[in-house]
Amino acid sequence: MKQYELVIVISPEIDQENSDKIIDNLSNLITSNDGTIEDLDRWGIRKLAYPINKFREGNYVSSLVNIDPSKVTTIEGSIRSNEDILRHLLTLKD
């Protein structure tokens with residue numbers, strides 16, 4: 001198991017309830033792949049550095065995730081397939 005930092009940017013058109021569902025689905029995916037979430041921090045709506053899909057704002061969520069490196073591609077594949085997530089960044093913590 002290694003520790004990763006995961007930051008996702010959810011579309012600002014998604015309401016709070018559906019945003020919570022996206023985060024819950026992602027959390028369930030991580031735990032079903034034998035991972036754990038240490039910390040989950042909702043930053044809220046922030047201005048983007050550049051427009052993404054004509055959006056100038058996004059709903060940011062940051063988390064610390066412990067997961068086996070062989071499962072990372074599964075997690076990222078699921079994130080990429082979700083059209084409500086504008087961007088994500090999964091980095092290995094030192």
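## A walk through the sheet and its cores

Start by selecting β1 and β3: they pair in the antiparallel sense over 9 bridges. Strands count as paired if DSSP finds at least two bridges between them, and the strands (E, at least two residues) and helices (H or I, at least four) are DSSP runs numbered from the N terminus. You are looking at a predicted model, in which local features need pLDDT of at least 70 and side-chain atom pairs pLDDT 80 or more, while totals for chains, interfaces and linings use all residues. Residues are numbered from 1 along each chain as its sequence is written, and side-chain values use heavy atoms, leaving out hydrogens and water.

**Along β1.** Click on Y4, whose bridge partner in β3 is V65. Next select E5, which has L64 as its bridge partner in β3. Then turn to β4, joined to β1 by 7 bridges and running antiparallel to it. Here L6 has L90 as its bridge partner.

**The whole sheet.** Now show the 4 strands of this open sheet, in the order β2-β3-β1-β4 with antiparallel pairing. β2 and β4 stand at the edges with a single partner strand each, so one side of each has no neighbour in the sheet.

**Inside.** A nonpolar core is a set of buried Ala, Val, Leu, Ile, Met, Phe, Trp, Tyr and Cys residues joined through side-chain atoms within 4.5 Å. Buried means under 20% relative accessible area, exposed over 50%, and partly exposed in between (1.4 Å probe, protein chains only). Which residues touch the most other members of the largest core? Select L6, I8, I10, L26, I67 and I75, out of its 18 residues. The largest share of this core, 5 residues, comes from α1. A second, separate core of 7 residues includes V7, V9, L48 and I52.

**An aromatic stop.** Finish with W43 and Y60, a stacked pair at 5.8 Å centre to centre with 20° between the planes. Rings of Phe, Tyr and Trp (its six-membered ring) pair if their centres lie within 6.5 Å; planes under 30 degrees apart count as stacked, over 60 as edge-to-face and the rest as tilted. W43 lies in β2 and Y60 in β3, so the pair ties together parts 17 residues apart in sequence. W43 is partly exposed at 36% relative accessibility, whereas Y60 is buried at 16%.
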